[in-house]
Protein chains: 2
Amino acid sequence: MYQSFDALSDPSHGAARVAALREKMASLGIDGFLVPRADEHQGEYVAAGSERLRWLTGFSGSAGMALVLANRALIFVDGRYTLQVRDQTDPAVFSYEDLIASRPAKWLEANGAGLRIGFDPWLHTIGEAKNLRSAMEAVGGSLVALAANPVDAVWNDRPAPPTAPVVIHELRYAGKLPREKLRDMAAALAAAKCDHTVLTDPSSLAWAFNIRGNDVPHTPLALGFAIVSAVGEPRLYLDERKLDIEARAYLTQLCTLRAPALLAQDVGEMAHGGARFGLDPGLAAERVKALIEEAGGKVVELADPARLPRAMKNPVEIEGARAAHRRDGAALCDFLAWFARQSPGGVDEIGAATMLEACRTATGERLGHPLLDISFDTISGAGPNGAIMHYRVSQATNRPIGDGELFLVDSGAQYRDGTTDVTRTVIFGEPTAQMRRRFTLVLKGLIAISLARFPEGTRGMDIDAFARRALWSDGLDFAHGTGHGVGSYLSVHEGPQRIARTGAQALKEGMILSNEPGYYKPGAYGIRLENLIVVTPPTPVENGEIAMHGFETLTLAPFDQRVIDTSLFAREEIAWLDAYHARVLEEVGDLVKPETRAWLEQACAPFEAYA
Amino acid sequence: MYQSFDALSDPSHGAARVAALREKMASLGIDGFLVPRADEHQGEYVAAGSERLRWLTGFSGSAGMALVLANRALIFVDGRYTLQVRDQTDPAVFSYEDLIASRPAKWLEANGAGLRIGFDPWLHTIGEAKNLRSAMEAVGGSLVALAANPVDAVWNDRPAPPTAPVVIHELRYAGKLPREKLRDMAAALAAAKCDHTVLTDPSSLAWAFNIRGNDVPHTPLALGFAIVSAVGEPRLYLDERKLDIEARAYLTQLCTLRAPALLAQDVGEMAHGGARFGLDPGLAAERVKALIEEAGGKVVELADPARLPRAMKNPVEIEGARAAHRRDGAALCDFLAWFARQSPGGVDEIGAATMLEACRTATGERLGHPLLDISFDTISGAGPNGAIMHYRVSQATNRPIGDGELFLVDSGAQYRDGTTDVTRTVIFGEPTAQMRRRFTLVLKGLIAISLARFPEGTRGMDIDAFARRALWSDGLDFAHGTGHGVGSYLSVHEGPQRIARTGAQALKEGMILSNEPGYYKPGAYGIRLENLIVVTPPTPVENGEIAMHGFETLTLAPFDQRVIDTSLFAREEIAWLDAYHARVLEEVGDLVKPETRAWLEQACAPFEAYA
């Protein structure tokens, strides 16, 4: 299995480890040190040796930061993790702050007068470092960039960096030659009057060079760096142990291969004489900026030039996504059919998640496209656990799925041709009237996004409320965005596209996003319904004037009709749902296990004619 | 009448006036001079003596900028004015640029290398001046602040500044004492760690001191300035000729009255010693910033502290708005009933606009609340003229309203208790199927906004697309925002609230906005439907969890049922429309002229039961 259900951490080491760190801090002459949950690449998943926050504190969430001072230590986490952080860490050692309401910079501005706060400039972005520095300087303190991370000095058995093999991502999946991608990036640099950029995001390396790796969980990344220049060959910094003969031969055609340890020296030499480097202030490490400026180069703001073209999938990638979703839909249908055969109380959250992964593995093998990983730890939540938006089931929280309980399952897969992410909410027995109404309101939100047509330039923020309108009318809402970007056999959370209040990126042809409205009743139940969708090209509308974008739905699995109240639907909504179910049956019906077929036909039956 | 239908300008003076300006420029040692359509207060309407752009060029639009160089002259206007500017100015003297695509700063950065460009720092905001200055400095030129405006030196018969009397805006309309408003503003300054602010927006003076004036068309402003301080009495700078004994006695209780000519000196004295001034970079004149900094003061960014509280109308202002809208709705119904009695071809755009104003005057007199002004020049457009979004009818463009033609009329009024703004689109004879369909889609947009419920923190940009969704589905759109803020017997265009892609301000209780989706078919017809709406307080929803804002509709006038295709409506839409028409009849039915009553009953009849 690609997922563990063990408890992830142990709070009991916190006191000793913080004490060791404090000794080291004293020897460095600093009053405090920041420990973010981040590596040099600012991704969602980090390698084991970069889990410094978890090692130090016990906290295993995917975002957060510790601040260790001489006589107190704090952990900043966001609203998702307020309960978890208290379970996983020692309250005698740590106090807790809200990462959003009281950011570390803000906290330091209020409480850090005169202090010298150390940080590892490889682990903070340029933007973060700027905020922290100005906060410290405003109160007569200073932010001190350290040459080595003091956590590493006291972490005795720290795991070595990963060296998983690099795999070439074939053109039949990537759809575009790396040579062309790199040429376009060089042209973009020249247009922005930059000489070079340093790519620190491994997703950008993966996309630009058509390579994949296995250095972190659930996302097929090879950790490394690259320098792309307006003129001249790109340089790729990868641990040579990751490269077999074939990968080395392939990459040598595209770039100069260099050891990661040489990056600092190379950047310095290239910066010498005033070269202009474009860096993404929200992605690139502060240390890269310092290296350039110390050598006399100039840093200007430039969005990672791989980011937007990577988000706009080409026709080959979209066709791959369709195939991956047919396969993944068949696996999910096998799971849902199995689930429907179980009895209330006869299956628990771990059992369900385990069966779901087994269905994916079996389907991948049967159809000749193996499951390469799950795209994130499956969220498998029954009853009240379904109301915890980022629930991770463990042996300690595992719960049987009882009669009349909603069961929320949010999962995804990594196949060579695409990344999936899907949520369905199903029930054993009869839902209450309130469950049906609210499930239907959530589904109305999903359908509103699915049916949307919109002109060029429309941003995710412009349509986010389409998914909320029906819930708002009932005095309800959900506390997360409607959709995130999704990569092509890459990260399941990809920017810059999103459907959210903060989604300022225009939605462009080929972008893949999730469409996942929800409703959560704390202590009772949760509902989330999620399809992946892809932005279609501007298309003329009959009798219309403006070619409009829309969405093609990729995900193929039925919604549980027992929890739908069709009286709340407009005609176009019921028509969408019937057409969607017909399509699921047509595209997935021949791919499922034989014993799934009858259930699927029933689950995809059209609703009775709508008055 | 408050509106003229004459041609507003004469292109024939341009050559001589530009020549005179160039002589003056040469004597000042500058290579170019910028002439914005702006005064010291950055409002939509300016006094006659501030119409420098119109005087110099002939162009009478409400936004634009000329740039006069030694051997060429340009006018920058936005998309609304591309045709008008060519009619009103001499193409032998001026060339034309797009104000949005090619901003003056951008144009100068591309074409102004090494030039010394003069500007009048009273007529440009801090933000504008910053952009212009950095553009010039990037190309080795400079932006030169002039002590006197060279246009004024060559404009011989330039009108004197206005001195219309200041009128006290009584508490029964204002709803809050100026003493309390000024105290709140002082507290806001202290909270922002500012010692002072300079208010340059006459709307802020009007709101803070509960005064109104008549210095510019259509908006009851007294032009002037104020300095509000965290500690100490406010200072108000008004021409003393505007103050009768009563106004002077009233204002003396609230502030120190000073002559406008003393502002510069006072600011300098207050800035001496390093005082901190909060200034709104999008509103305050660059000259104010320079005065402060030259005297040793510090300028920090601070939104005009009157802006947000002014936008959130208090209960007395909202009750006034309701009364003003009943009265104004009665006048509009009288007009629409009169219109329905006319024959195709028997009434033209000017005739209609004239009758509409006469109906407002008569209703105001009859109901004891006189019409004090129209809130903007009535847009009265038949057939293809209705497709021109900011059409101003003149003798030259006047057009009879023919059979089967849509007629768009967008108008508003100023009453002591409120400002109105309403658009209806009506027809003589039978609409085409396309007209009916598109009219109904626009109306669906208006209804979607009217029915919206939304949680605290929702911004105008979050719901703008509600008004477009039905049009987008048909491949249509409209090229303006859905709604602008509206003042309380103040400007008909008021910030910061808007419903638009750029509407980043959260919608708060008491804000008045327009709700005006449209559709424009160039050369054929235009449709716009506009109601004013007010944000209601957060209100619990039955069986819901979150108290939700919504909108109360203020405007009261029927929509032309002959142009509505009810088959396109959902049940909730038809229910809204029937309830709205019933309310119009109930609230306005007793206020209209006797001959209007029968028409109104017909126009407000419910639709046949909806299957």
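Select strands S16, S17 and S20 of chain B, which form an open sheet of three strands in the order S16-S17-S20 with antiparallel pairing; helices (H or I, at least four residues) and strands (E, at least two) are DSSP runs numbered from the N terminus, and two strands pair if DSSP finds at least two bridges between them. The edges of this sheet are S16 (379-382) and S20 (422-427) of chain B, each pairing on one side only, and neighbouring strands are turned by 10 degrees against each other on average, direction ignored. Angles run from 0 to 180 degrees between N-to-C directions, with axes taken as lines fitted to C-alpha atoms, for helices over the stretch in contact. Strand S17 (residues 406-411) of chain B pairs with S20(B) in the antiparallel sense over six bridges, and B:Asp410 stands opposite B:Thr423 in S20(B).

This is a predicted model, in which local features need pLDDT of at least 70 and side-chain atom pairs count only at pLDDT 80 or more, while totals for chains, interfaces and linings use all residues. Residues are numbered from 1 along each chain as its sequence is written, chains are lettered from A and ligands numbered from 1 in the order in which they are written, and side-chain values use heavy atoms, with hydrogens and water left out.

S16(A) pairs with strand S17 (residues 406-411) of chain A in the antiparallel sense over four bridges, and A:Ser380 stands opposite A:Val409 in S17(A).

Staying in chain A, select helix H5 (residues 126-138), whose 13 residues reach 18 Å from the first C-alpha to the last, close to the 18 Å expected at 1.5 Å a residue, where the expected span is 1.5 Å times one less than the number of residues. Its buried residues are A:Ile126, A:Ala129, A:Leu132, A:Ala135 and A:Met136, and among the elements of chain A that cover them are strand S1 (32-36) and helix H12 (286-294). Just after H5(A), A:Gly140 takes a positive phi of about 70 degrees.

Return to chain B for helix H12 (residues 286-294), in which B:Glu286, B:Val288, B:Ala290, B:Leu291 and B:Ile292 are buried. The cover over these residues includes helix H5 (126-138) and helix H11 (263-271) of chain B, and H12(B) is followed by B:Gly296, whose phi is positive, near 95 degrees.

Finally, show both chains together: the contact takes 34 residues from chain B and 34 residues from chain A. The two chains bury about 2,800 Å² between them, 47% of it on carbon and sulfur atoms, buried area being the accessible area (1.4 Å probe) that two parts lose on being put together, summed over both. In chain B, select B:Arg469, B:Trp472 and B:Arg501, which lose the most area to chain A, together 24% of what that side buries. Across this interface the rule finds four salt bridges, each a side-chain nitrogen of Lys or Arg within 4 Å of a carboxyl oxygen of Asp or Glu. A last pair to select is A:Arg438 and B:Glu545, which form a salt bridge with the closest N and O atoms 3.4 Å apart.

Definitions and conventions. Buried means under 20% relative accessible area, exposed over 50%, partly exposed in between (1.4 Å probe, protein chains only). Contact means heavy atoms within 4.5 Å.
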